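Subject: Structure handover

Hello,

Here is the structure we discussed. My notes on what was found in it follow below.

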Amino acid sequence: MHALHDLINLLVQKKMTGFTMLHDAMLQYFLNVSAGAAEMTDYIELLKGDEEGDLLKNLAFTKSGAHVVCLALAYGTAKDRKQILKVYKGTIEALAYDTNGHQVLLAAYDVIDDTVLTSKSIFPELIGKSSTELSEPQTQSLLSAAIHLNARIPILYLFVGPSKAFLRTEDIEILHSVHQIRNTTSKKDPTTRRAELLTHISPTLLSLIASNAFPLIQSSFGCQFMTEVLLSAPAGSDRAPALSSIIQLTHSSDSATARALNEPSAGRMLKTLVQGGRYNPKTKRVDPAQPPALRFHDALHASLEAQGRVL
């Protein structure tokens with residue numbers, strides 16, 4: 001192990017941090033060093049020691065490297081986590097769109113107790129300025145991310161958790177190990193941490209739905225995005241404008257809107273919203289949306305009644 005550590009250190013000092021073979025070796029060292037040992041502390045210091053941050057940045061974009069960063073976040077102290085997260089300033093969006101990089105963001109969500117730090121470090125680059133009034137560039141950036149296979153994950157993860165419907169098997173496996181480690185390295189209750197982060201991210205996403213329901217409903221990922229945000233937005237969130245925007249689509253005579261509404265993905269979304277939650281095949285009951293009740297059915301019925309479309 002000492003020889004491997006010395007070899008890794010040598011390559012890092014020579015600025016040869018972009019090689020995947022180095023990342024593979026670094027992961028094997030991390031997986032075999034004892035938690036809490038001096039070697040673990042020294043190793044995390046090695047990761048942080050690159051003043052330009054090239055090591056951590058290069059690691060995040062390979063399979064083994066992203067796993068290394070996730071473990072460093074999980075095992076690190078609050079100070080370590082803050083320093084690691086600081087390295088990624090200016091690259092958060094690139095991480096979100098990357099097959100491996102998005103794992104680093106999920107791990108940061110799940111282990112950093114200071115949710116204000118997490119929000120200020122990640123959300124401005126991921127979703128833009130938190131506001132109910134979205135700029136055009138911010139809107140287009142969010143719409144692109146919402147329907148991207150990878151970029152949607154760090155946006156929706158706080159709403160859906162480690163769901164097999166959104167995450168790959170390797171994502172879930174890494175998060176499982178991160179969750180086991182944080183039991184001894186993080187202090188905040190996971191439910192509290194998630195709720196605090198949702199409070200920061202939800203207003204912007206609800207505003208996006210309220211003003212862009214039509215472009216979102218045109219894709220299955222867009223329908224999933226709207227469904228998950230509306231079902232899991234925290235108590236106190238103003239979901240009414242977003243729900244109203246979806247209801248307005250059902251009144252449209254536009255042919256493009258009609259085609260979008262006839263797609264199976266839109267039908268599943270509307271059914272879930274009308275039910276007020278997602279059907280659970282195990283319990284054979286509907287799991288209700290985050291309180292207060294969604295009441296989409298009532299709003300839709302009232303709107304149809306006002307137009308004389310209810311018998």
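In what follows, two residues are in contact when they have heavy atoms within 4.5 Å of each other. The model is predicted.

Overall picture. The protein chain has 18 helices and two strands. Of its 311 residues, 49% count as buried. The C-alpha atoms fill a box of roughly 80 × 40 × 30 Å along the principal axes. Among contacts between residues at least 6 apart in sequence, 69% join residues at least 24 apart.

Arg193. This residue belongs to helix α13, which spans residues 190–217. Is Arg193 buried or exposed? Buried means under 20% relative accessible area, and Arg193 is at 2% relative accessibility, so it counts as buried. Leaving aside residues up to four places away in sequence, Arg193 touches Tyr109, Asp110, Val111, Ile112, Asp113, Thr115, Arg182, Ser186 and Lys188. With Lys188 there is also a polar contact: the side chain of Arg193 reaches the backbone oxygen of Lys188 at 3.3 Å.

Helix α9. Thr115, one of the residues touched by Arg193, is also one of the buried residues of α9 (residues 115–126), together with Thr118, Ser119, Ile122, Phe123 and Leu126. As background, an α-helix has 3.6 residues a turn, so residues three or four places apart point the same way. What do the buried residues of α9 pack against? Their partners are α6 (78–87), α7 (92–97), α8 (101–111), α10 (136–146), α11 (152–160) and α13. At the start of α9, a side-chain oxygen of Asp114 comes to within 3.2 Å of the backbone nitrogen of Val116. After α9 comes Gly128, with a positive phi near 85°.

Cavity. Searching the whole structure gives one cavity of 30 Å³ or more. The largest cavity has a volume of about 50 Å³, and its lining consists of Glu93, Ala96, Tyr97, Glu125, Leu126, Ser141, Ala145 and Ala151. Two or more lining residues come from each of α7, α9 and α10, and α7 gives the most, with three residues. By class, this lining has five nonpolar, one polar and two charged residues.

Largest pocket. Its volume is about 380 Å³. Of the 18 residues that line the largest pocket, Thr227, Arg268, Met269, Thr272 and Arg278 are the closest to its centre. At least two lining residues are supplied by each of α14 (220–232), α17 (264–275) and β1 (277–280). The largest share, six residues, comes from α17. The lining divides into six nonpolar, seven polar and five charged residues.

Second largest pocket. This one has a volume of about 290 Å³. The residues that line it are Phe159, Val160, Ser163, Phe166, Glu228, Leu231, Ser232, Arg278, Asp287, Pro288, Ala289 and Gln290. The elements giving two or more of them are α11, α14 and β2 (285–288), with the largest share, three residues, from α14. Six of the lining residues are nonpolar, three polar and three charged. Arg278 lines this second largest pocket and is also listed among the residues closest to the centre of the largest pocket.

Regards

Definitions and conventions
Residues are numbered from 1 along each chain as its sequence is written. This is a predicted model: local features need pLDDT of at least 70, side-chain atom pairs count only at pLDDT 80 or more; totals for chains, interfaces and linings use all residues. Side-chain values use heavy atoms; hydrogens and water are left out. Helices (H or I, at least four residues) and strands (E, at least two) are DSSP runs, numbered from the N terminus. Buried means under 20% relative accessible area, exposed over 50%, partly exposed in between (1.4 Å probe, protein chains only). A polar contact is a pair of N or O atoms within 3.5 Å; within protein, one must be able to donate a hydrogen and the other to accept it, and residues adjacent in sequence count only if both atoms are side-chain atoms. On a 1 Å grid over the protein atoms alone, a cavity is a set of points where a 1.4 Å probe fits but cannot get out, and a pocket is an open set with protein on both sides within 12 Å along at least five of seven lines; lining residues have an atom within 4 Å of a point. Grid points are joined across faces, edges and corners, and a volume is the space filled by probe spheres set on the points. Ala, Val, Leu, Ile, Met, Phe, Trp, Tyr, Cys and Pro count as nonpolar, Asp, Glu, Lys and Arg as charged, and the others, Gly among them, as polar.
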